[in-house]
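Here is a short briefing on one model.

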Amino acid sequence: MPEQAERFIDPEHQPPYHDIPELVGMIEPPYRDACLRLVDDHGDRMRAASGSSHNHQPWEGGYWDHIRDCMNLASVYHDVDSSLRPLPFSKSDALLIMFLHDLEKPWRYEWRDGEKVRNEALRSKADKKAFRDGLLAEYGIELTPELQNAMTYVEGELADYSNERRVMGPLAAFCHAIDVKSARMWFDHPQSDDAWAGAERVTDGSG
């Protein structure tokens with residue numbers, strides 16, 4: 001099966017794999033400028049953080065790799081999905097959520113002398129949300145109800161699921177699917193020999 005799958009990989013016809021500043025540049029104002037300031041102010045921390053403790057992109061630099069992977073996937077799949085049926089949200093909205101959805105992680109996981117250290121003050125979901133909300137407020141990022149719904153449910157409806165009402169909006173559903181692709185299907189990507197041309201880790205993964 002892997003050999004059969006490889007026959008369909010044609011780098012010459014693949015969509016480009018962009019870096020985060022370029023992807024953030026595709027976000028519409030006023031969110032674009034605020035996100036670029038976040039990268040300018042905290043880029044070093046973002047490029048050094050782990051993507052998770054164990055489950056996806058857990059290496060040094062894995063946070064940046066996960067966010068970049070999610071944003072590239074969102075760009076590609078917005079084009080694909082919108083060629084099938086009209087989407088009730090823009091590519092800019094999807095890119096914004098994928099950029100922001102794990103915003104606390106550069107402060108939750110740090111590398112010190114080659115060891116991954118967890119910030120115990122950011123362990124609970126409430127703590128993480130409060131930290132994210134504080135950063136959004138600091139940079140003047142005010143989310144619409146649709147964007148807030150997507151931020152809340154990008155990782156799934158979980159305990160909020162109900163068979164009597166639809167909890168997750170269309171943008172949230174799209175972003176959740178993208179996050180699952182990166183975190184559960186391609187949890188060990190990008191790689192040095194990645195089939196998606198241009199997809200490389202921000203570090204060599206040895207940290």
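Two strands pair if DSSP finds at least two bridges between them. Helices (H or I, at least four residues) and strands (E, at least two) are DSSP runs, numbered from the N terminus. This is a predicted model: local features need pLDDT of at least 70, side-chain atom pairs count only at pLDDT 80 or more, and totals for chains, interfaces and linings use all residues. Residues are numbered from 1 along each chain as its sequence is written, and side-chain values use heavy atoms, without hydrogens and water.

**Hairpin**
- Strands β1 (residues 109-112) and β2 (residues 115-118) run antiparallel, joined by four bridges.
- E110 has V117 of β2 as its bridge partner.
- Two residues lie between the strands of this hairpin, and D113 takes a positive phi near 55°.

**Helices α3 and α5**
- The axes of α3 (residues 31-48) and α5 (residues 91-100) come within 12 Å and cross at roughly 25°. Axes are lines fitted to C-alpha atoms, for helices over the stretch in contact; angles run from 0 to 180 degrees between N-to-C directions.
- The contact (heavy atoms within 4.5 Å) uses Y31, C35, L38, V39 and M46 of α3, and L96, F99 and L100 of α5.

**Cover of α5**
- Nine of the 10 residues of α5 are buried, meaning under 20% relative accessible area (1.4 Å probe, protein chains only).
- They are S92, D93, A94, L95, L96, I97, M98, F99 and L100.
- Their cover includes α2 (20-24), α3, α4 (62-82), α7 (125-138), α8 (145-153) and α9 (170-185).

Methods:
Buried < 20%, exposed > 50% of the residue type's maximum accessible area, 1.4 Å probe, protein only.
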